[in-house]
Amino acid sequence: MYQERFMRRAIALSAQALQTPGTEPFGAVVVKDGEIVGEGFNHSVAHSDPTSHGEIEAIRDACRRLQTVDLSGCELYTSCEPCALCVAAMRIAGIGPLFYAASLAQSGAAFVGLPVAARHPIDVDLLRQEAGAPLAQRVPAAEQKLDDEALKILETWARVRKLKPD
């Protein structure tokens, strides 16, 4: 259930980018049972990590704090509509409700005219189109190699866990 205080915290985190070199104005919080369990804002440039989006950082923080990769029962509040990468991470972690402030269209309009040196351009519409497409359509140069060797390791890992559950 939406609570304004969590959205305000996500927006406050995004505002930290105004004073923090190497960051961008995207903040997020993960909430469980009415408490913030993870926070993050975009550190992509500072960390030389294109996946260091606010939502991803908040998810990483929540997973560390809760010592789990299963964030079922959690909500995500973010200062901007998440990109396909962040939505995929949410879904993988099991986060359900999502609340966002600015839309991707609004953020795109705010960033019109920024030089590439100021912000690495991301084609959000292309990411959305590719997100559900088969790998060959998303990455035309992808080639599968040594799958038999990799599959043996995957099967061994799964077999061990079937015999000895955690």
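**View 1. Strand 1 and strand 3 are joined by five bridges and run antiparallel.** Val30 stands opposite Leu76 in strand 3. The model is predicted: local features need pLDDT of at least 70, side-chain atom pairs count only at pLDDT 80 or more, and totals for chains, interfaces and linings use all residues. Residues are numbered from 1 along each chain as its sequence is written, and side-chain values use heavy atoms, with hydrogens and water left out. Strands here are DSSP runs (E, at least two residues), as are helices (H or I, at least four), numbered from the N terminus. Two strands pair if DSSP finds at least two bridges between them.

**View 2. Strand 1 also pairs with strand 2, in the antiparallel sense.** Seven bridges link the two. Strand 1 and strand 2 form a hairpin, with two residues between them. In the turn, Asp33 has a positive phi of about 50°. Strand 1 is mostly covered, with seven of its nine residues buried. Buried means under 20% relative accessible area, exposed over 50%, and partly exposed in between (1.4 Å probe, protein chains only).

**View 3. The open sheet has four strands in the order 2-1-3-4.** Its pairing is mixed. Strand 2 (35-42) and strand 4 (98-102) stand at the edges with a single partner strand each, so one side of each has no neighbour in the sheet. Neighbouring strands are turned by 15° against each other on average, direction ignored. Axes are lines fitted to C-alpha atoms, for helices over the stretch in contact; angles run from 0 to 180 degrees between N-to-C directions.

**View 4. Strand 3 (residues 74-80) runs parallel to strand 4.** Four bridges join the two strands. Here Tyr77 stands opposite Phe99 in strand 4. Helix 3 (residues 54-66) packs on the sheet. Helix 3 touches strand 1 (24-32), strand 2 and strand 3. The direction of helix 3 makes about 140° with that of strand 2.

**View 5. Cys80 lies in strand 3.** Cys80 is buried, with a relative accessible area of 3%. Leaving out residues up to four places away in sequence, Cys80 touches Phe26, Glu55, Tyr100, Ala101, Ala102, Ser103, Leu104 and Ser107. A contact means heavy atoms within 4.5 Å. Glu130 is 50 residues from Cys80 along the chain, and their C-alpha atoms are separated by 20 Å.

**View 6. Ser44 belongs to helix 2 (residues 44-47).** Ser44 is buried, at a relative accessible area of 14%. Neighbours within four places in sequence aside, Ser44 is in contact with Gly22, Asp49, Pro50, Ser52 and His53.

**View 7. The whole chain has eight helices and four strands.** Along the sequence the pattern is α-β-β-α-α-β-α-β-α-α-α-α. The C-alpha trace spans about 50 × 40 × 25 Å along its principal axes. Of the 166 residues in the chain, 33% are buried. Among contacts between residues at least 6 apart in sequence, 47% join residues at least 24 apart.
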